[in-house]
Amino acid sequence: MNEQTLRKKLNFYQRMMMVAKTAGDLVAHEVYRQITRELTEQIKKQEKTACSQQTA
């Protein structure tokens, strides 16, 4: 996936996480939190790859 798609997904899941928390659904909140962590890690990996490719 490209970085733009990952960022859109991250934004979506961050919003869903807040909606779940507001609604009091702690299980859904944790699921969305885990998904957001994974997406953030993927974005960071892509940024590192892009930086290392530019310097090479």
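Q: Is His 29 buried or exposed, and what puts it in that class?

A: Burial is read from relative accessible area, and under 20% counts as buried. In this predicted model, His 29 has a relative accessible area of 8%, so it is buried. His 29 lies in helix H2.

Q: Which residues does His 29 touch, once residues up to four places away in sequence are not counted?

A: For this, look for heavy atoms within 4.5 Å. That gives Met 17, Ala 20 and Lys 21 as the residues His 29 touches, with those up to four places away in sequence left out.

Q: Which other residues of H2 are buried, and what do the buried residues pack against?

A: Besides His 29, the list for H2 has Ala 28, Tyr 32, Thr 36, Leu 39 and Ile 43. The buried residues of H2 pack against helix H1, residues 3-23.

Q: Let's take Thr 36 from that list. Why does Thr 36 count as buried, and which residues is it in contact with?

A: Same test as before: under 20% is buried. Thr 36, in helix H2, has 7% relative accessibility, so it counts as buried. Its contacts, leaving aside neighbours within four places in sequence, are Leu 10, Gln 14 and Met 17.

Q: Now over to H1. How is Tyr 13 classed, and what is it in contact with?

A: The class between buried and exposed is partly exposed, and it runs from 20% to 50%. Tyr 13 sits in helix H1. With a relative accessible area of 22%, Tyr 13 is partly exposed. If you leave aside neighbours within four places in sequence, Tyr 13 is in contact with Tyr 32, Ile 35 and Leu 39.

Q: What about Asn 2, where is it found, and how far is it from Ile 43?

A: Asn 2 is found in the segment before H1. With 43% relative accessibility, it counts as partly exposed. Asn 2 and Ile 43 are 41 residues apart in sequence, and 8.9 Å separates their C-alpha atoms.

Q: Zooming out, how many helices and strands does the chain have, and what is its radius of gyration next to that of a compact globule?

A: The protein chain has 2 helices and 0 strands. A compact globule of 56 residues would come out near 10 Å, but this chain has 14 Å. Its C-alpha trace spans about 50 × 15 × 15 Å along the principal axes.

Q: What percentage of the chain is buried, and what percentage of contacts joins residues at least 24 apart?

A: Of the 56 residues, 18% count as buried. For contacts between residues at least 6 apart in sequence, 57% join residues at least 24 apart.

Q: And how many positive and negative side chains are there?

A: There are 10 positive and 6 negative side chains, and the centres of the two sets lie 3 Å apart.

Methods: Residues numbered from 1 in each chain as written. Predicted model: local features only at pLDDT ≥ 70, side-chain atom pairs only at ≥ 80, totals over all residues. Heavy atoms only, no water. Buried < 20%, exposed > 50% of the residue type's maximum accessible area, 1.4 Å probe, protein only. Helix = DSSP H or I, 4+ residues; strand = E, 2+ residues; numbered from the N terminus. Rg over C-alpha atoms; globule rule 2.2 N^0.38 Å. Lys, Arg positive; Asp, Glu negative; His and termini not counted. Charge placed at Lys NZ, Arg CZ, Asp CG, Glu CD.
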